[in-house]
Amino acid sequence: MAFFDELTKKARDVAAVAADKAKDAAELTKLSVAIAGEQREIDKNYRIIGEWFVNEYEGEIPDAVRDMVEAVNASKAKIAEMEAAKEATKDEPVAEVVTAEKTCPICGAKADSKFCPQCGAPMGE
């Protein structure tokens, strides 16, 4: 019985170590998620600062950021074009897909597949 007692003790020790590692992994994951959340907040605030700056100093954009502001404006224009194209596409009728329905040579069922859904026979050409 000593063998089983020792085996049980070792199993408990391994389970305890695994539980500790799982807790550590969970804590690391929580910290990583929290860090990512804070980074998103920083990015959002920088974006707001940039938008404010561009709007506030519209005619007086420094040369250092002029290219970036022009790239942003070009992207906004492209987005507007794509939105317009998307709206125009909504108004166009959708073409119907025509499928060739075949008749099963065995049971007579009609389907557009390679095999009959009723009896499983090949539908032919």
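Visitor: Is Lys-44 buried, partly exposed or exposed?
Guide: This is a predicted model, in which local features need pLDDT of at least 70, side-chain atom pairs count only at pLDDT 80 or more, and totals for chains, interfaces and linings use all residues. Residues are numbered from 1 along each chain as its sequence is written, and side-chain values use heavy atoms, with hydrogens and water left out. Buried means under 20% relative accessible area, exposed over 50%, and partly exposed in between (1.4 Å probe, protein chains only). Lys-44 has 34% relative accessibility, so Lys-44 counts as partly exposed.

Visitor: Which residue forms a salt bridge with Lys-44?
Guide: A salt bridge is a side-chain nitrogen of Lys or Arg within 4 Å of a carboxyl oxygen of Asp or Glu. For Lys-44, the closest N and O atoms of the pair are 3.5 Å apart. The partner is Glu-41.

Visitor: Where do Glu-41 and Lys-44 both lie?
Guide: Helices (H or I, at least four residues) and strands (E, at least two) are DSSP runs, numbered from the N terminus. The two residues are 3 residues apart, about one turn of the helix, and both lie in helix α1.

Visitor: Is Lys-9 buried or exposed?
Guide: Lys-9 forms a salt bridge with Asp-13, the closest N and O atoms being 3.7 Å apart. Asp-13 is partly exposed at 40% relative accessibility. Lys-9 has 53%, so Lys-9 counts as exposed.

Visitor: How many salt bridges does the structure hold?
Guide: One of them joins the side chains of Arg-47 and Glu-51, at 3.6 Å from N to O. The structure holds 6.
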